[in-house]
Amino acid sequence: MTVVIGTRGSQLARWQTNRVQELLQAAHADLQVEVTVITTQGDRVLDTPLPLLGGKGLFTAELEAELHSGAIDYAVHSLKDLPTDDPDGLIVGAIPERAIPFDVLVSRKGHTLDTLPEKATVGTSSRRRAAQLLHQRPDLHIIDVRGNIDTRVKKALDDEGPYDAIVLAQAGLSRLGMDDVISEVLSPQQMLPAPGQGALGIQCRNEPESLQTLAPIHHLETAMAVTAERAFLAALGGGCSVPVAAYALKQPNGMYDLIGRVCAVDGSMLIEVETKFTGDRIENALHAGKELAEQAIDRGAGPLLEAAE
Ligand SMILES: NCc1[nH]cc(CCC(=O)O)c1CC(=O)O
């Protein structure tokens with residue numbers, strides 16, 4: 001049997017898709033796994049800040065159409081870029097084991113968050129990152145940085161460029177073999193990651209054949225964690241442009257610890273909430289995320305989210 005995986009054209013997307021191709025091939029000796037590259041709106045428009053382009057699914061609409069038409073069977077996404085609501089007829093059929101979920105600083109002079117000079121310029125297009133940076137360092141000057149990961153790294157390392165540092169996900173850099181440009185891995189206390197960061201989501205038609213093929217590459221522990229994180233985001237209105245962070249981790253005692261944050265975009269306020277859940281049923285993860293969002297709303301998250309729209 002042959003299946004076709006669709007991918008965006010970026011280096012990162014291709015790497016991630018090749019990884020899933022390998023995983024599927026290793027799980028099914030008799031399966032032929034082909035890859036086809038699809039250009040999305042988000043790949044074409046590189047000069048507009050992402051929060052302004054707005055619209056959920058900027059990087060996903062074309063792939064969804066190809067899934068529906070049957071031109072492809074699977075679409076591999078960075079889970080954090082995937083809207084929390086499944087489009088009609090489609091489902092995240094598997095979530096493979098997560099990579100490191102943290103954010104990092106890339107700085108041409110090797111600065112850490114603590115050693116960045118007063119009023120330093122930091123590049124990020126993410127409101128979640130900007131807000132958390134400003135919460136700790138209100139002096140920082142945050143400016144936009146767009147482009148693929150290698151483009152952003154080049155901009156960060158350019159001596160003529162405006163950036164003293166930029167923030168990126170460690171997972172993306174590692175996948176592209178660029179760990180050596182990292183000047184600091186930010187702790188979750190310093191920078192709570194985006195819901196689902198470092199994990200892949202494999203989208204497919206909601207049909208038994210598609211799901212069966214994916215079953216062996218699904219990672220339960222990752223799925224429990226990211227399901228809780230994404231449920232938190234979904235209950236707060238979803239979208240990758242809101243200043244919301246969430247991180248769940250399985251503890252040695254088997255319980256999952258879920259931390260969520262909602263920030264004012266200017267960093268003037270940061271609400272942090274925390275809960276625990278047991279990992280025996282995925283419903284527990286969904287419930288924990290939802291319940292944590294209610295806790296955040298009780299603590300005043302609503303106006304912060306409205307202000308960020
Ligand atoms: N928003 C773009 C994006 N989508 C996924 C990754 C990296 C992999 C991941 O975070 O899971 C990145 C780059 C980044 O945020 O630095």
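Predicted model: local features only at pLDDT ≥ 70, side-chain atom pairs only at ≥ 80, totals over all residues.
Residues are numbered from 1 along each chain as its sequence is written.

While Lys119 is selected, note that its phi is near 65°, a positive value in a residue other than glycine, and that Lys119 belongs to the loop between strand 5 (103-106) and strand 6 (121-123); strands (E, at least two residues) and helices (H or I, at least four) are DSSP runs numbered from the N terminus.

Next, colour the chain by domain: the assignment, automatic or from a database, gives domain 1 (1-98 + 199-218), domain 2 (103-185) and domain 3 (220-309). The centres of domain 1 and domain 3, taken over C-alpha atoms, are separated by 24 Å.

Now show the ligand, around which are Ser78, Lys80, Asp81, Ile149, Leu168, Ala169, Ala171, Gly172, Gln197 and Gly198. A residue counts as near a molecule if its C-beta atom, placed from the backbone, lies within 6 Å of it. Strand 8 (165-169) and helix 7 (170-175) are the elements that give two or more residues to this shell. Because domain 1 and domain 2 both give residues to the shell, the ligand lies between them.

Move on to helix 1 (residues 11-27), where Ala13, Gln16, Thr17, Val20 and Leu24 are buried. These residues cover an arc of only 100° around the axis, which puts them on the same side of helix 1, the arc being that of the directions from the helix axis to the C-beta atoms. The face turned away from the buried side carries the exposed residues Glu22, Gln25 and Ala26. Among the elements covering the buried residues of helix 1 are strand 1 (2-7), strand 3 (74-78) and strand 10 (200-205).

Finally, in strand 10, select Ile202, which is buried, with 27 other C-beta atoms within 10 Å. Not counting residues up to four places away in sequence, Ile202 touches Val20, Tyr74, Val76, Val92, Gly93, Ala94 and Leu214, a contact being a pair of residues whose C-beta atoms, placed from the backbone, lie within 7 Å.

Methods:
Buried ≥ 20, exposed ≤ 12 C-beta atoms within 10 Å, placed from the backbone. Contact = placed C-beta atoms within 7 Å.
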